[in-house]
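Here are my notes for your first look at this one. Keep the viewer open and go through the points in order.

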Amino acid sequence: MSTTLSPAADAAVRPKSTQPKAVWAVAFASVIAFMGIGLVDPILKPIGEQLHASPSQVTLLFTSYMLVTGVAMLITGVVSSRFGAKRTLLSGLAIIVVFAALAGSSGSVGEIVGFRAGWGLGNALFIATALATIVGSATGGVARAIILYEAALGIGIAAGPLVGGFLGGISWRAPFFGVSVLMAVAFIALIVLLPEAPKPTHHTSIIAPFKALRFRGLLLVSITALLYNYGFFTLLAYTPFPLNMGTYAIGFIFFGWGLLLAIASVWFAPRLQRRFGTVPTIATALALFAADLAVMAIGAHDKPVLVVGTVLAGLFLGVNNTLITEAVMTSAPVERSTASAAYSFVRFVGGAAAPYLAGKLGEHATALPFWVGAACTAVGVVVFLGGRSALHTTTDHHHDPAPHSVEEAQAITLADD
């Protein structure tokens with residue numbers, strides 16, 4: 001077994017370096033952006049109750065957000081390669097500020113669903129550029145910059161449900177307004193602290209991601225992600241309904257989920273990869289997630305089972321998310337940003353149907369959405385293992401990534417969100 005440290009592990013043992021204010025400004029904005037993923041979990045039931053909407057109608061908040069995010073992934077490279085990172089970041093933040101505020105001012109579920117779609121566009125523009133910007137501005141090497149970004153991602157995902165639960169205890173509108181205000185602060189900070197970078201000389205083609213999907217390895221990983229994302233979004237969007245608990249309780253439960261996801265992504269995944277290899281670890285993590293959803297289906301009327309199952313899911317998803325990203329990066333002989341845009345498009349657009357379908361199925365049988373999520377994830381494992389020969393052999397064993405670039409940083413950002 002190789003004793004060579006990965007760039008991330010190597011950076012972790014180096015002396016800490018002082019980062020420019022611009023890096024902290026982007027990191028702060030990244031935390032808020034990733035909070036938006038789980039922010040609405042604690043307020044799904046209050047929105048449904050107060051606006052007289054069914055679970056399937058309310059879960060469209062996730063569907064519209066993820067659908068637009070997935071489609072927008074195809075254009076983020078086109079936009080940033082023509083207008084530069086700072087303008088792309090600011091455009092994304094401005095869109096989120098406007099649409100989050102509009103969502104908070106809505107008078108119907110349909111309006112919130114539409115405004116969440118606009119929010120998804122802004123979020124895609126921002127997250128597709130944030131890590132690349134941190135890498136370009138940070139001191140202490142690229143690996144340290146990526147660790148800083150992963151920390152922001154983890155804090156945001158974990159804090160989103162907690163903040164949503166706290167503000168949701170005041171009103172279901174408060175979390176939306178809270179994000180709008182925080183993003184406005186981040187917008188001002190970036191204007192002041194982030195310097196203008198030279199305009200990119202290389203322009204990305206909008207059809208490049210579609211061409212990349214001709215490679216069997218990338219298509220395999222993308223389809224696998226689509227299938228397990230069905231289970232992931234079922235867990236995220238549907239579970240608050242059978243839990244039937246208050247906003248604070250839901251917030252703390254999904255905070256635990258996000259915390260385990262962050263810990264598994266940063267610490268557990270690299271260690272398991274070194275010990276067992278990328279492909280076996282991904283397959284095992286997904287199989288355990290499928291089993292977890294099946295247990296939640298069996299105990300769909302038992303709240304302790306749902307609580308434990310939800311929190312544990314963060315562990316399996318955190319390991320998988322980190323390692324499947326590396327599989328994407330080595331699955332096709334194309335630019336890494338192009339490979340990841342194609343992968344993100346398939347997984348998000350395909351998985352966007354899960355929240356609505358889970359809500360619809362749950363209106364007929366409480367356990368049914370979990371069973372379907374478990375089945376889709378299990379099929380994902382079979383597809384992944386059945387087509388593993390299409391993947392580059394470098395994914396079978398741990399290896400240190402190739403030297404990082406800003407383009408790779410952007411690619412990792414696209415794939416990890």
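This is a predicted model: local features need pLDDT of at least 70, side-chain atom pairs count only at pLDDT 80 or more; totals for chains, interfaces and linings use all residues.

How many aromatic pairs does a search of the whole structure find?

1. The count comes to nine aromatic pairs. Take Trp172 and Phe176 to start with: they pair edge-to-face, with 6.2 Å from centre to centre and 80 degrees between the planes. Both partners are tucked away, since Trp172 has a relative accessible area of 3% and Phe176 has one of 0%, and buried means under 20%.

2. Now look at Phe232 and Trp257. Their ring centres are 6.0 Å apart, and the pair counts as tilted because the planes stand at 35 degrees. This pair ties together distant parts of the chain, with Phe232 in helix H11 (residues 216-238) and Trp257 in helix H13 (residues 247-276), 25 residues apart. Phe232 is buried at 12% relative accessibility, and Trp257 is buried too, at 2%.

3. Go back to Trp172 and Phe176 for a moment. Together with Tyr65 and Trp119, they make up one aromatic cluster.

4. The chain's mean pLDDT is 83, and 86% of its residues reach 70 or more. Residues 1-16 are another matter: pLDDT is below 50 there, and the stretch has 20 contacts beyond near neighbours in sequence. Residues 393-417 also fall below 50, with 71 such contacts in the model.

5. What does the whole chain look like? You'll find 19 helices and zero strands. Of the 417 residues, 57% are buried. If you take contacts between residues at least 6 apart in sequence, 88% of them join residues at least 24 apart. As for the surface, the chain exposes about 15700 Å², and carbon and sulfur atoms supply 70% of that.

6. The charged end of Arg116 sits over the ring of Phe62, 6.0 Å from its centre. Arg347 lies over the face of Phe348, and here the distance to the ring centre is 4.9 Å.

7. Last stop: Asn320, in helix H15 (residues 303-329). Its relative accessibility is 0%, so Asn320 counts as buried. What is Asn320 in contact with, leaving aside its neighbours within four places in sequence? The answer is Tyr228, Ile282, Ala285 and Leu286. Pick out Asn320 in the viewer and see if you can find those four contacts yourself.

Definitions and conventions. Residues are numbered from 1 along each chain as its sequence is written. Side-chain values use heavy atoms; hydrogens and water are left out. Helices (H or I, at least four residues) and strands (E, at least two) are DSSP runs, numbered from the N terminus. Buried means under 20% relative accessible area, exposed over 50%, partly exposed in between (1.4 Å probe, protein chains only). Contact means heavy atoms within 4.5 Å. Rings of Phe, Tyr and Trp (its six-membered ring) pair if their centres lie within 6.5 Å; planes under 30 degrees apart count as stacked, over 60 as edge-to-face and the rest as tilted. A charge sits over a ring if NZ of Lys or CZ of Arg is within 6 Å of the ring centre and within 35 degrees of the ring normal. Accessible areas come from the Shrake-Rupley method with a 1.4 Å probe; for residues, only the protein chains shown count as cover. pLDDT is the predictor's confidence in each residue, from 0 to 100.
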